[in-house]
Amino acid sequence: LIFNNKVDIIHTNHDITSDHPMILASLILGKTTICHNRGLYIPMKIDIYFSRFVDKIICMSDFSKSVYVKSGVGEEKCETIYDGIDTQKFKPIKSENKNLIITCIGRLEIWKGQQVLIDAAEIIVRTIPGIKFILVGDGDNKNNLEKQINEKGLDKFFEFTGHVTNVKDYIEKS
């Protein structure tokens with residue numbers, strides 16, 4: 001596919017471990033390779049080796065970048081580029097509701113860290129009692145998250161939407 005479609009740049013969309021086949025393919029074909037790390041991931045020794053053949057690793061945060069660099073990936077390979085929101089497409093909705101809404105969008109999986117938001121919510125609601133938290137998404141950890149919310153007595157502050165294909169409305173009202 002790379003050869004037949006005259007691809008010049010290989011841009012992978014996960015951690016280096018998942019990208020080994022594409023890194024090899026681009027190395028064999030002499031293509032520029034960019035790995036886009038979208039999570040908190042600690043590279044293994046094989047990944048550090050593979051990073052030598054990558055032109056750039058895009059990290060989602062400075063912390064994520066520091067984990068790569070401390071693991072042995074060359075700092076010159078890593079660049080932090082934050083995920084952004086197109087402010088022309090997503091504009092805040094003026095609402096009668098004066099209460100703050102915090103929305104967390106993503107699959108409900110342990111490694112996504114929604115439980116950290118729930119722990120923080122327990123403290124936040126003492127200062128901002130009208131706050132609302134919306135968890136947009138579905139996943140294997142939903143029952144655990146609901147249980148954690150119930151145990152902390154935070155039911156009235158949280159809303160679960162389930163799977164949503166268009167998150168625009170949630171972004172705008174948050």
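**Close-up views of a predicted model**

**Figure 1. Contacts of Val69.** Beyond its neighbours within four places in sequence, Val69 is in contact with Glu75 and Cys78. The model shown here and in the other views is predicted. Val69 belongs to helix α3, which covers residues 62–71. Is Val69 buried, partly exposed or exposed? Its relative accessible area is 28%.

**Figure 2. Lys77, a buried lysine without a salt bridge.** Lys77 sits in the loop between α3 and β4, the latter spanning 78–80. The residue is buried, yet no salt bridge is found for it. Which side chain of opposite charge is nearest to Lys77? It is Glu76, 5.6 Å away. Setting aside neighbours within four places in sequence, Lys77 is in contact with Ser51, Arg52, Val54, Asp55, Lys56 and Ile57.

**Figure 3. The largest pocket and its lining.** The volume of the largest pocket is about 850 Å³. How many residues line this pocket? The lining holds 21 residues. Nearest the centre lie Arg38, Met60, Asp83, Ile105 and Lys112. Sorted by class, the lining has nine nonpolar, seven polar and five charged residues.

**Figure 4. Lys98 in a loop.** Lys98 is found in the loop between β4 and β5, where β5 runs over 101–105. The relative accessible area of Lys98 is 75%. Lys98 is therefore classed as exposed, the cut-off being over 50%. Gly130 is 32 residues from Lys98 along the chain. The C-alpha atoms of Lys98 and Gly130 are separated by 8.6 Å.

Figure 5. Lys6 lies in the segment before β1, a strand of residues 9–12.

Definitions and conventions: Residues numbered from 1 in each chain as written. Predicted model: local features only at pLDDT ≥ 70, side-chain atom pairs only at ≥ 80, totals over all residues. Heavy atoms only, no water. Helix = DSSP H or I, 4+ residues; strand = E, 2+ residues; numbered from the N terminus. Buried < 20%, exposed > 50% of the residue type's maximum accessible area, 1.4 Å probe, protein only. Contact = heavy atoms within 4.5 Å. Lys, Arg positive; Asp, Glu negative; His and termini not counted. Salt bridge = Lys/Arg side-chain N within 4 Å of Asp/Glu carboxyl O. 1 Å grid on protein atoms, 1.4 Å probe; cavity = no way out; pocket = protein on both sides within 12 Å on 5 of 7 lines; lining within 4 Å. Points joined across faces, edges and corners; volume = space filled by probe spheres on them. Nonpolar A, V, L, I, M, F, W, Y, C, P; charged D, E, K, R; others polar.
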